[in-house]
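Have the sequence and the model open as you read.

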Amino acid sequence: MSVVSALKGDLPQQARSLYRQLLRTGDKFQAYNFREYAKRRTRDAFRESKDVEDPRQIQDLIQKGLKELQIMQRQTVVSQFYQIDRLVVEGGKSGKQKGSSGDRSRQKDTGWD
């Protein structure tokens with residue numbers, strides 16, 4: 001087995017692993033819009049590059065993706081420093097929606113009390 005064929009077999013696995021890491025990291029953003037943008041951008045970038053077959057170009061794309069992953073990891077840490085209310089489109093994940101018979105009012109939960 002040559003080095004090229006071994007590397008060629010490893011590249012798809014690296015790409016899938018990077019894809020999963022980017023999606024998981026994107027889910028860690030506190031803000032809904034940032035989370036959705038990160039997921040959409042990751043999917044679009046991988047779809048855009050799905051037809052690339054040159055191993056060097058694939059390796060370059062993987063390196064670029066790893067740099068983006070590091071940036072995203074730093075940004076998710078920064079975003080966790082700020083507490084924000086969940087948006088209505090996020091559903092009842094936080095359990096802070098109050099109301100009766102379809103009426104919804106948002107309970108604002110900020111501060112340290």
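## Terms and model

A residue is called buried under 20% relative accessible area, exposed over 50%, and partly exposed in between (1.4 Å probe, protein chains only). This is a predicted model, in which local features need pLDDT of at least 70 and side-chain atom pairs count only at pLDDT 80 or more, while totals for chains, interfaces and linings use all residues. Residues are numbered from 1 along each chain as its sequence is written, and side-chain values use heavy atoms, leaving out hydrogens and water.

## Overall layout

Three helices and two strands make up the elements of the protein chain, in the order α-α-α-β-β from the N terminus. These are DSSP runs numbered from the N terminus: helices are H or I with at least four residues, strands E with at least two. Of the 113 residues in the chain, 18% are buried.

## Salt bridges

The structure holds three salt bridges, each a side-chain nitrogen of Lys or Arg within 4 Å of a carboxyl oxygen of Asp or Glu. D27, E36 and K39 are linked in a network. K39 meets D27 with the closest N and O atoms 3.7 Å apart. K39 lies in helix 2 and D27 in the loop between helix 1 and helix 2, so this pair ties together parts twelve residues apart in sequence. K39 is buried at 18% relative accessible area, whereas D27 is partly exposed at 43%.

K39 also bridges to E36 at 3.2 Å, N to O; both lie in helix 2, three residues apart, about one turn of the helix. E36 is partly exposed at 28% relative accessibility. The salt bridge between R47 and D44 has its closest N and O atoms 3.9 Å apart. R47 is exposed at 54% relative accessibility, and D44 is partly exposed at 36%.

## The largest pocket

Which residues lie nearest the centre of the largest pocket? They are L22, T42, A45, F46 and G65, out of 33 lining residues. Helix 1 (3–26), helix 2 (32–48) and helix 3 each give two or more residues to the lining, and helix 3 gives the most, with twelve.

A pocket here is an open set of points on a 1 Å grid over the protein atoms alone, where a 1.4 Å probe fits, with protein on both sides within 12 Å along at least five of seven lines; lining residues have an atom within 4 Å of a point.

## Around Y82

Y82 lies in the loop between helix 3 and strand 1 (97–98) and is exposed, at 57% relative accessibility. Y82 and Q30 are 52 residues apart in sequence, yet 8.0 Å apart in space, C-alpha to C-alpha.
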